[in-house]
Amino acid sequence: MIVKETKNTHEKVRDFQNRLYLTAKTSKKRRFHAMYDKIYRKDILEEAWKRVKTNGGAGGIDKVSIDDVKAYGEEKLLGEIAEELKSDLYRCKPVRRTYIPKADGSKRALGIPTIKDRIVQMATKIVIEPVFEADFQNCSYGFRPKRSAKQAMDKIFEVADAGNALWVIDADIKDYFGSINHEKLMLLVEQRISDRKVLKLIREWLRAGIMEAGGYCESTVGATQGGVISPLLSNIYLNYFDIYWNRRFAHLGELVRYADDFVILSKRMAQAEQAMQAVQWIMRKLELTMHSEKTRLVDMYFGKDSFDFLGFNNRFQRSRNKNWKWYWTLHQTPSNKSMKKMRANIKAVFASPIRLQWSIENMIKMLNPKVVGMRNYYTRRFSRQKLWKIDKYINRKFTKWYNRKRQRNYRMGNAVEIAELTSNAGLLRMCG
């Protein structure tokens, strides 16, 4: 039944969100009070479950997975959630703490809510997000509908092309998600939402606590990274920074923010130095700390230095125009960290010895979606040379794999023939 009604349900939800957004946009000071009953609406819960199911992920502390929910009955669970919300019996569970490795060798802590909590969080997000979208600034690009990292990179190029990015603040907030002040966040939420039951839900998620190694840890600060509602809450918190900057300090430089990563693009060193002081002052008001080792002032004059942002290295370099005359422009190419990540992504396909039993067609079928994903993200005006290196790496891995499969003594023999063989079999290229 849910599958059959997916299209109509999605359209109804989008129509509801559009109406809510337009209402919030026309009145900047309006507070919304009748929101809780929308969360357990049938179409909202169905759309929330569809998104949770699409996102996938492991189960929470109750070890209930998405497959378990399917076996239990999707409509049955959504009905139970709706009934719990109606009768005020819904209570969230603590999140399960897990860690994922970072590129620098450290680990990022994630909190995984239960499937039921993820559904309710997603439903709440669907209902309240349009209200806050009406207030979010144009300089914010992360975790927002119809906004992307590519748009953020386009904005940086646009500002640089106008000559206003000769000095850049490359900023990093220390442990942002773990440092959000609950009371200040709720004050910002309450500026738009006055429904006490919705506010109670958000407070419960913030204070849900963490289960790790069989022990419970109370949550007194921060928004758990990994929660469905956390990206929206993090944007609400930093929207104060966006608004304050655009009202009082926009003359010092252009702010471009993606979630908790941001840069400020200034034309002169004096402006950049003042901008750095302004950023630190605003962050103190939000009780956030700038990472002293990772936050720096970048001199972009004539390619002296560069900065990495959203997987791209940004540096001024000389290029030739159509008339073969030299000019300076901003080159946005995959960073060294991104190149390493792409190689690791490809290497993982060839890592298992079991893959030696696969056919070329099956290997290509597994590899092509990765190539398309990386190509779609990293393709920019001056990135071709680095993407060509990834193509070479793919051909080298395929040559080694094929020669091992054929039990040949030489590892890199017949590289040209194998490259032609994979190309004829449909292997896509990063520079294609």
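A residue counts as buried under 20% relative accessible area, as exposed over 50%, and as partly exposed in between. Arg-296 has a relative accessible area of 30%, so this residue is partly exposed. The model is predicted. Arg-296 pairs with Asp-305 in a salt bridge, and their closest N and O atoms are 3.1 Å apart. Asp-305 has a relative accessibility of 26%, so Asp-305 is partly exposed.

The pair is part of a network: Asp-170, Arg-296 and Asp-305 are joined by salt bridges that share partners.

## Other salt bridges

How many salt bridges does a search of the whole structure find? The count is 21. Side chains of opposite charge can pair when their charged atoms come close.

Asp-43 and Arg-41 form one of these bridges, with an N to O distance of 2.7 Å. Asp-43 is buried, because its relative accessibility is 7%. Arg-41, at 28% relative accessible area, is partly exposed.

Glu-287 and Lys-184 form another bridge, and 3.3 Å separates the closest N and O atoms. Glu-287 sits in the loop between H11 and strand E8 (296-299), while Lys-184 sits in helix H8 (residues 182-190), so the bridge ties together parts that are 103 residues apart in sequence. Glu-287 is partly exposed at 45% relative accessibility. Lys-184 is partly exposed at 29%.

## Aromatic pairs

The structure contains 19 aromatic pairs. Phe-249 and Trp-281 make one of them: the ring centres are 6.5 Å apart and the planes meet at 75°, so the geometry is edge-to-face. This pair links distant parts of the chain, with Phe-249 in helix H10 (residues 230-249) and Trp-281 in helix H11 (residues 269-285), 32 residues apart. Are the two residues buried or partly exposed? Phe-249 has a relative accessible area of 13%, so Phe-249 is buried. Trp-281 has a relative accessibility of 33%, so Trp-281 is partly exposed.

Phe-312 and Tyr-378 form a pair with ring centres 5.5 Å apart and planes at 50°; therefore the pair is tilted. Phe-312 lies in strand E10 and Tyr-378 in helix H13 (residues 360-378), so this contact ties together parts that are 66 residues apart in sequence. Phe-312 counts as buried because its relative accessibility is 1%. Tyr-378 is buried at 9%.

## The aromatic cluster

Phe-249 and Trp-281 also belong to an aromatic cluster.

## Helix H14 and the positive patch

Which residues gather in a patch of positive charge on the surface? They are Arg-343, Lys-389, Lys-392 and Arg-396. Helix H14 (residues 384-405) gives the most to the patch, with 3 residues. Arg-396 is placed in helix H14. Its relative accessibility is 35%, so Arg-396 counts as partly exposed. That value meets the patch criterion of over 30% relative accessible area.

Gln-385 is also placed in helix H14. Gln-385 is exposed, because its relative accessibility is 60%. Gln-385 and Pro-334 are 51 residues apart along the chain, and 9.9 Å separates their C-alpha atoms.

## Positive phi outside glycine

Lys-63 is not a glycine, but its phi is positive, near 60°. Lys-63 lies in the loop between helix H3 (42-55) and helix H4 (66-72). With a relative accessible area of 71%, Lys-63 is exposed.

Leu-310 also has a positive phi without being a glycine, here about 55°. Where is Leu-310 found? Leu-310 is in the loop between strand E9 (307-309) and strand E10 (312-320). Is Leu-310 buried or exposed? Its relative accessibility is 16%, so Leu-310 counts as buried.

Conventions:
Residues are numbered from 1 along each chain as its sequence is written. This is a predicted model: local features need pLDDT of at least 70, side-chain atom pairs count only at pLDDT 80 or more; totals for chains, interfaces and linings use all residues. Side-chain values use heavy atoms; hydrogens and water are left out. Patches are made of residues with over 30% relative accessible area and no salt bridge: like charges are joined within 9 Å, nonpolar side chains (Val, Leu, Ile, Met, Phe, Trp, Tyr) within 5 Å. Accessible areas come from the Shrake-Rupley method with a 1.4 Å probe; for residues, only the protein chains shown count as cover. A salt bridge is a side-chain nitrogen of Lys or Arg within 4 Å of a carboxyl oxygen of Asp or Glu. Lys and Arg count as positive and Asp and Glu as negative; His and the chain ends are not counted. The place of a charge is taken as NZ of Lys, CZ of Arg, CG of Asp or CD of Glu. Helices (H or I, at least four residues) and strands (E, at least two) are DSSP runs, numbered from the N terminus. Buried means under 20% relative accessible area, exposed over 50%, partly exposed in between (1.4 Å probe, protein chains only). Rings of Phe, Tyr and Trp (its six-membered ring) pair if their centres lie within 6.5 Å; planes under 30 degrees apart count as stacked, over 60 as edge-to-face and the rest as tilted.
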